[in-house]
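Here is my note on the two-chain model you sent.

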Amino acid sequence: MNPFRVALAVARKDLRSEWRTREMVPALAQFVVLALLIGNFGFQIDSRNALTIAPGILWMALVFAGLVAFGRTFAAEREQASLDAMLMTPASPVAIFAGKALAASVLLVACEAVLLPALTLFFGTPLSGEVVAAVLLATVGMAALGVMFAAIVARVRARELLLPLLTLPLWIPFIVAGGQAVQSAMGLPGSYQEAIGLLIDFDILFVVLTSLAARFVLDE
Amino acid sequence: MNRAERWAAAAVALMLVAGAVIFLYAPTDALQGPVQRIFYLHVSAAIAAYGCFAVVLLGGIVYLRNESLVADRCARAGALVGVVLTTVTLVMGMLWAKPIWGTFWTWDARLTSTLVLWIIYAGYLLVRRLAEPGRQAARIGAVVGIFGFVDVPVVHFSVTWWRTQHPGPIIVNDALPAQMLATFLLTMACTLILAAVMVWMRYRIETLMDEKQHIAEPVKVVTAREPEPVP
């Protein structure tokens, strides 16, 4: 079985079920808009301080939207007990994992497609290709780690409690580098090139590591 | 007094000796004054904590390879002792930072990565408690332990690249007077012994808890070999 085709099939299945129910994306979109609202009233944002505060709000909203999105990755599998059935097929667990991660990151990208324009609309920050590139690059690694820990906690009690606890510390490198990249793309001091290079390094590192670990996480 | 109690008593006595040496033998720092004496235990506890987390990493790798319960218990023991030692490191560091830097906390590379270290392994302990004991918890723990160990240098590097103000490594740079170096080495040796004894005692506790929960080594399934076809 070609692992790439398996991964694509799994991703397509997840996205199709999302398309039919239309649960996650509208909820996530509302969630990030609400986060911007809270940011606005929490900080008293105006045109003078928007540039320094907006990157922080962007990452806050993105990280918590990501936790919600990845926390739901295995919800359907758990409710229908279909993960065991999937694992019983000759498809490799790594391919199944890659498919789940792919689908989850597509959902997060859909949510970013709402978040970034909304940020520009409400706070007047520039929406450039550089900002989009930084956010998309961070999404890759965050999705790999997020889906891996979602798979880990899927079988544990109090999983809603544990997922942020395990995932957030491992996301910190992405937030450090991604935060720096977005800040410099919005005109604050700092090297954009270096930050993007670092994001790519972290993406490679964690995508490789999570693929190696996927076998132990899913195979039960 | 059994063997474990004798070792524990010896380790505590050694720590008291180290404390006496820190306060009576080591010279007072010219610039920082007596506050500098925190350094000996602060750095020793940090090194011992790294050692404990290395045990968690190795235990995790060995467990994933051959499901050895011994490796898993070592990992559990190492994580608990490591979290305690990291707490000591953080608290002592904050006590030092207040008079020297003027603030308890700053988002420096070492401080950030140590805090992340603490959060990751505190999370490890929570996962171990919440997961179904046995194979599931051990596997999850192994993966979390390995990722935690990889994450710490990454966090450290990414924040260093950003900004740092923690004092650099003075021990390897030969910048320490002989008396201070001797005090530091003694404290470090004593702390490492204490950590090893604590890990060992915790290992025994984990063994007893496993026995209580009837978690035993996986039974090796020996399959009968197919009889050779007779030609």
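1. Which residues does Pro27(B) touch, not counting residues up to four places away in sequence? This is a predicted model. In it, Pro27(B) touches Pro177(B), Gln179(B) and Met180(B). Pro27(B) sits in the loop between α1 (3-25) and α2 (38-66) of chain B. Pro27(B) is exposed, because 12 other C-beta atoms lie within 10 Å and a residue with 12 or fewer counts as exposed. Pro99(B) lies 72 residues from Pro27(B) in sequence, and their C-alpha atoms are 19 Å apart.

2. Chain B as a whole. The chain has six helices and zero strands. Its elements run α-α-α-α-α-α from the N terminus on. Chain B holds 231 residues, and 36% of them count as buried. Take the contacts in chain B between residues at least 6 apart in sequence: 79% join residues at least 24 apart.

3. The α2(B) and α6(B) pair. Helix α6 of chain B covers residues 178-212. Its axis and that of α2(B) come within 9 Å and cross at roughly 40°. The crossing of α2(B) past α6(B) is right-handed. On the α2(B) side, the residues that meet α6(B) include Tyr40(B), Leu41(B), Ile47(B), Cys52(B) and Val55(B). On the α6(B) side, they include Phe184(B), Met188(B), Leu192(B) and Val199(B). By class, the residues of this contact are 13 nonpolar, five polar and no charged.

4. Leu80(B). Is this residue buried or exposed? Leu80(B) counts as buried, because it has 21 C-beta neighbours inside 10 Å and the cut-off is 20 or more. Leu80(B) belongs to helix α3 (residues 69-101) of chain B. Beyond its neighbours within four places in sequence, Leu80(B) is in contact with Leu125(B) and Arg202(B). Ser158(B) is 78 residues from Leu80(B) along the chain, with 27 Å between the C-alpha atoms.

5. Confidence in chain A. The average pLDDT of chain A is 88, and 99% of the residues score at least 70. Confidence in chain A is lowest in helix α4 (residues 75-80), at a mean of 78. It is highest in α7(A), at 92. Please keep both values in view when reading the points below.

6. The α2(A) and α3(A) pair. Helix α2 of chain A spans residues 24-43, and helix α3 of chain A spans residues 50-71. They pack at an angle of about 145°, with axes 9 Å apart. The crossing of α2(A) past α3(A) is right-handed. From α2(A), the contact takes residues including Met24(A), Leu28(A), Phe31(A), Leu36(A) and Phe43(A). From α3(A), it takes residues including Ile53(A), Ile57(A), Met60(A), Phe64(A) and Val68(A). The tally for this contact is 15 nonpolar, one polar and no charged.

7. Two backbone points to check. Most residues other than glycine have a negative phi. Arg22(A) is not a glycine, yet its phi is positive, at about 50°. Arg22(A) is placed in the loop between α1 (3-21) and α2 of chain A. Arg22(A) is exposed, with 9 other C-beta atoms within 10 Å. Gln44(A) also has a positive phi, near 60°. Gln44(A) is in the loop between α2 and α3 of chain A. Gln44(A) counts as exposed, with 8 C-beta neighbours inside 10 Å.

8. The core. How many residues does the largest nonpolar core have? The core has 132 residues. Those with the most contacts inside it are Ala134(A), Val147(A), Met148(A), Leu199(A) and Cys52(B). Helix α7 (residues 129-153) of chain A gives the most to this core, 16 residues. Met148(A) is in contact with Thr210(A), Ala213(A), Ala214(A) and Val217(A), leaving aside its neighbours within four places in sequence.

9. The contact between the chains. Chain B gives 23 residues to the contact and chain A gives 21. On the chain B side, the elements that give two or more residues are α4 (109-130) and α5 (135-162). The largest share of that side comes from α5(B), with 14 residues. The side of chain B that touches chain A divides into 18 nonpolar, three polar and two charged residues.

Notes: Residues are numbered from 1 along each chain as its sequence is written. Chains are lettered from A and ligands numbered from 1 in the order in which they are written. This is a predicted model: local features need pLDDT of at least 70, side-chain atom pairs count only at pLDDT 80 or more; totals for chains, interfaces and linings use all residues. Axes are lines fitted to C-alpha atoms, for helices over the stretch in contact, and angles run from 0 to 180 degrees between N-to-C directions. Helices (H or I, at least four residues) and strands (E, at least two) are DSSP runs, numbered from the N terminus. A crossing is left-handed if the near helix is turned anticlockwise from the far one by less than a right angle, and right-handed if clockwise. Two residues are in contact if their C-beta atoms, placed from the backbone, lie within 7 Å. Ala, Val, Leu, Ile, Met, Phe, Trp, Tyr, Cys and Pro count as nonpolar, Asp, Glu, Lys and Arg as charged, and the others, Gly among them, as polar. A nonpolar core is a set of buried Ala, Val, Leu, Ile, Met, Phe, Trp, Tyr and Cys residues joined through C-beta atoms within 7 Å. pLDDT is the predictor's confidence in each residue, from 0 to 100.
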